[in-house]
Amino acid sequence: MIDFHADYRMTIDGADAPGEGSFEAFNPATEEVIAQVPQAGRAQLDAAVAAARRAFPAWSALPVAERQAAVSRIGDAIEAHAEDFMRLLTREQGKARAGAEWEIGGSVIWCREIAKQDLPVHVAEDSGDRRVETRRVPLGVVGAITPWNFPVLLAIWKIAPALVAGNTVVVKPSPFTPLCTLKLGELLRGVLPPGVVNVISGGNDLGAWLTGHPDVRKISFTGSTATGRKVMESASGNLKRITLELGGNDPAIVLPDVDVEATARELFWASFQNSAQFCVAAKRVYVHDSIYDRFAGALVDYAATVKVGDGAEQGTDLGPIQNRMQFEKLKDLLADANAQGLRFLAGGAVSEGPGFFVPIAIVDNPPEDSRVVREEAFGPVLPLLRYSDLDDVIARANDTDYGLAASVWSRDIDAAQGIARRIEAGTVWINEIHSFSPHVAFGGHKQSGIGIENALDGLAEYTNAQTIVTNRGATPA
Ligand code: NAD
């Protein structure tokens, strides 16, 4: 068992590593400093990469069943510390209890399920003397860079498949939410051989050093599209493999035949879960003109029943915005909406702290070219939009550089599927939303990302293909 009250240390080569310097972590609900966080210097990054590199030959040579068992044990270890992780997650990220349970419970499930995956050898030809087979081999050292909205789960989405495939890992959490990941690193010292997973903390510079490091073979990155572009550029130095899970501006299309109250409730959570700091949150909700007013009323009524507050307090449904930078961005977005004279059905103003709280804001049918529609708010500011023509709403849904996910709501399944097929997004849910699985591929189209996480497609991204052609009949020259 590890001590969640002890200091936060990095994990390099299976051992405790202090930082060269330190920085502060805050509780976003109170703005109080909750920890001093080690700040890695360049030398410590190099040490972490070197440790991962040293650990790679032995780790990759293990039978896959042993690596799978180790990944499953990571799930056991997290489960044994679930209460500590959930409390710390709420303190550093701000999310309410139900959200923390979802994230930590999900991390356990992901470890156990990814541990069941393996990539079979593909035999393209096996005839007479000739056999042509393609097998998947690990890459080497993987750099995993995570954002601040789901710091534990998104780290596990990278660590688990990277390890099963035979790689070793250097994890760099967001400087806004490093604490749970540092504790995860500490926990893994007792589960994995030294160097197999290293956890280092620091600012954005550290991320840039990792993406440019010549001994790192792949970067798996989750974060904003703007940073994703920088990662891609920096990773080009040694042609690193990259998986980029980036931003989204997900449309939801509500047809006139739905149960209005039930769908409004579903879409409330689809939009505002995790205080809307969710890459796949429904960020533009298009409602058919004939039910728009009833839908808007139901959404606003439901919003009034939801409690925004300190995630650590019982009865809180939605916590604060995770950090001041994002809080300021949202205030600016709201100021712009007010300056444009947009009408709010709920919220629209922000009272000053303590705590980065933004009341649920719902904007009444803003113009398609307004900032609240065009931009990924990544906070609880939702544009509700009218439509009357299906071709028009599909064109509006697709009129974005993003293509992460979308949802369609209707009793007419054929119609909904027809719409889904015309949407430019990596996932389209029909009459449900945000159902993720370790066995279902997830990834963005357009500028929402490159590559896949989860499923065997996601596992394959931690490998190179190696084709072996054997000819038993040919005489060596
Ligand atoms: P961000 O891009 O600011 O930061 C993400 C991570 O990148 C952090 O660890 C940060 O320190 C690091 N980083 C910053 N600059 C870097 C650089 N130059 N090189 C390498 N690393 C660098 O994103 P964020 O604000 O933490 O997260 C919010 C964004 O993440 C939103 O756009 C959201 O939609 C997206 N997101 C996407 C998914 C998905 O699966 N598609 C999931 C969650 C969040």
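Predicted model: local features only at pLDDT ≥ 70, side-chain atom pairs only at ≥ 80, totals over all residues.

Residues are numbered from 1 along each chain as its sequence is written, and side-chain values use heavy atoms, with hydrogens and water left out.

An unreviewed UniProt entry carries the annotation "domain: Aldehyde dehydrogenase" for residues 21-468. UniProt positions are in the numbering used here, feature names are shortened, and annotations may be inferred rather than shown by experiment. Over residues 21-468 the chain is 40% helix and 21% strand, with the end C-alpha atoms 49 Å apart. Helices (H or I, at least four residues) and strands (E, at least two) are DSSP runs, numbered from the N terminus.

Now zoom in on Glu-245, which the unreviewed UniProt entry lists under "active site". Glu-245 sits in strand 11 (residues 241-245). Is Glu-245 buried or exposed? Glu-245 is buried, because its relative accessible area is 3%; buried means under 20%, exposed over 50%, and partly exposed in between (1.4 Å probe, protein chains only). Leaving aside neighbours within four places in sequence, the contacts of Glu-245 (heavy atoms within 4.5 Å) include Phe-221, Thr-222, Leu-404, Phe-442, Ser-448 and Glu-453.

Strand 12 (residues 250-254) is mostly covered, with 5 of its 5 residues buried. In a regular strand, side chains alternate between the two faces of the sheet. Here Asp-250, Ala-252 and Val-254 point one way, Pro-251 and Ile-253 the other way, and all are buried. Strand 12 runs parallel to strand 13 (residues 282-288), joined by 5 bridges, and Pro-251 stands opposite Arg-284. Two strands pair if DSSP finds at least two bridges between them.

Elsewhere there's an open sheet of 3 strands, ordered 5-6-20 with antiparallel pairing. Strand 5 (122-127) and strand 20 (463-471) are the edges, each pairing on one side only. Strand 6 (residues 130-138) and strand 20 pair over 9 bridges in the antiparallel sense, and Arg-135 has Gln-466 in strand 20 as its bridge partner.

For a helix pair, look at helix 3 (residues 82-93) and helix 6 (residues 179-188), which pack at about 150 degrees with axes 9 Å apart. Axes are lines fitted to C-alpha atoms, for helices over the stretch in contact, and angles run from 0 to 180 degrees between N-to-C directions. That makes helix 3 roughly antiparallel to helix 6; the cut-offs are under 35 degrees for roughly parallel, over 145 for roughly antiparallel, 65 to 115 for roughly perpendicular, and oblique for the rest. From helix 3, Phe-85, Leu-88, Leu-89 and Glu-92 meet Leu-179, Cys-180, Lys-183, Leu-184 and Leu-187 in helix 6.

The Gly-353 to Pro-354 peptide bond is cis, with omega near 5 degrees, and Pro-354 lies in the loop between strand 14 (344-346) and strand 15 (361-364). Ser-275 has a positive phi near 55 degrees despite not being glycine; its place is the loop between helix 9 (260-272) and strand 13. His-434 also has a positive phi, near 60 degrees, and is found in the loop between strand 18 (427-430) and strand 19 (449-450).
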